[in-house]
Amino acid sequence: MTKNTILVIDNDQATSKWLFTFLSNAGYEVRTASSGREGLGKLTAERPNLVILDLSLPDIGGEQVVESIIQNPITANIPIVVLLRKDNPQEIARLFDKGIADYIVKRPGIESELLAKCRTCLSRARHSTSQLPKGRLISFFSAKGGNGTSTLCLNLAHILARQVTPKTVLVTDMVLPLGSLSIMTGSQQRRSIVELTTEGGPYDYKKLKEFLAPARLWDFSILQGSRNPHDAQRLNPDQIEPLFESLLLMFNYVIVDLGKTLSRVSLPLLGSSDGVVIVLGVDLVTVELTLAALKFLEETGIQKDKLFLILNRAVGREGLSKLEIERRFNLPIQGTVPYVQDNFNLASNQNVPYASRFPQDPCKLILNDLAGLLRKRITDIHEVRS
Ligand SMILES: Nc1ncnc2c1ncn2[C@@H]1O[C@H](COP(=O)(O)OP(=O)(O)OP(=O)(O)O)[C@@H](O)[C@H]1O
Ligand SMILES: [Mg+2]
């Protein structure tokens with residue numbers, strides 16, 4: 001049986017040494033780090049089963065380290081046992097609020113109590129991981145370009161990420177050959193999903209860490225698409241399925257912008273999606289092309305109940321009414337996003353979510369409702385199927 005690994009983050013050499021010897025003798029694989037930064041680095045690279053954290057660190061505040069662990073989807077599920085200098089009920093309550101698993105006050109003779117707490121946290125974590133449902137895959141598609149698919153994909157993902165705990169949402173860009181999501185979110189990550197499929201698996205935490213970037217203002221992580229048409233040619237379609245399988249084990253939601261592609265790369269993703277958001281416009285071309293796309297999706301075996309139609313008045317021109325479109329499709333439209341003039345562009349040019357740029361705007365409320373409806377729809381579908 002493989003040993004459980006415990007990472008001890010403690011600046012005090014004597015305690016660190018004592019914990020190393022004591023926990024190693026108790027049968028654990030022990031790693032140590034003497035600063036917050038070193039600890040966070042080892043956490044993402046080595047993904048221990050448990051972390052013991054002393055809050056007094058030389059570089060980063062201990063509570064900040066707790067937040068970083070919880071907010072990083074790669075480390076969010078690792079239980080944290082905090083070592084405290086003294087019993088301070090307010091501090092302890094705050095730490096539990098932030099998501100620690102347990103705490104212990106440093107004093108002589110705590111060995112058996114510490115060991116019991118480690119064992120309990122490890123078995124609870126194992127239990128919850130084995131019961132952890134696989135994440136949900138949501139794809140965004142439009143039959144015609146320029147309808148606001150990327151805009152809605154990012155902004156609904158942002159709201160969804162704020163509605164779920166832990167915030168483990170990943171947005172990825174499969175619009176080839178040129179994806180726009182990293183520009184819109186201001187991501188500094190240079191490595192793309194194309195490169196990832198070229199390098200191949202296994203897609204473990206260590207590998208993915210080199211490719212994922214936290215989009216901090218957006219509350220999700222991003223796996224950027226191709227920003228170079230040459231690179232896009234190198235995508236390895238055979239790796240898409242194993243890659244998404246691995247991503248879905250790590251994130252509550254994986255949200256993918258497919259743009260207007262219905263190809264051998266996007267079709268399997270549409271097929272395995274829990275929800276397919278179809279972005280519509282009011283113009284006749286979009287309506288006709290969407291009709292053709294819906295027929296194709298039906299023939300391909302994609303169930304109608306997975307479809308989530310949003311009418312986006314991206315260009316503000318008058319066209320067909322919601323009712324007329326619903327009649328043509330014989331499907332309900334879940335919501336209409338109004339034409340907001342340059343507001344989406346203003347937010348996008350500053351790399352910020354619409355909800356933060358225009359917190360008082362009625363369109364923000366519409367996006368909130370849509371994200372809630374989408375989440376509910378996906379949960380309902382799952383309940384019916386299982
Ligand atoms: N409801 C709206 N009101 C006003 N402008 C909008 C609305 N929705 C989107 N836009 C704007 O429309 C433009 C196109 O949006 P976006 O890039 O998201 O579309 P897309 O469907 O992803 O396009 P592409 O096919 O190029 O990927 C952007 O400038 C965006 O800010
Ligand atoms: Mg787009």
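What percentage of the 386 residues of the protein chain count as buried? The figure is 39%, a buried residue having 20 or more other C-beta atoms, placed from the backbone, within 10 Å of its own.

The model is predicted: local features need pLDDT of at least 70, side-chain atom pairs count only at pLDDT 80 or more, and totals for chains, interfaces and linings use all residues. Residues are numbered from 1 along each chain as its sequence is written, while chains are lettered from A and ligands numbered from 1 in the order in which they are written.

Next, select the open sheet of five strands, ordered β2-β1-β3-β4-β5 with parallel pairing; strands pair if DSSP finds at least two bridges between them. β2 (29–33) and β5 (102–105) are at the edges with a single partner strand each, so one side of each lacks a neighbour in the sheet. Now show β1 (5–9), which is joined to β2 by five bridges in the parallel sense.

Finish at ligand 1. Surrounding ligand 1 are 20 residues, of which G145, G148, S150, T151 and F344 are the closest; a residue is near a molecule if its C-beta atom, placed from the backbone, lies within 6 Å of it. Colour α6 (149–163) and α15 (343–349), the elements that give two or more residues to this shell.

Definitions and conventions: Helix = DSSP H or I, 4+ residues; strand = E, 2+ residues; numbered from the N terminus. Buried ≥ 20, exposed ≤ 12 C-beta atoms within 10 Å, placed from the backbone.
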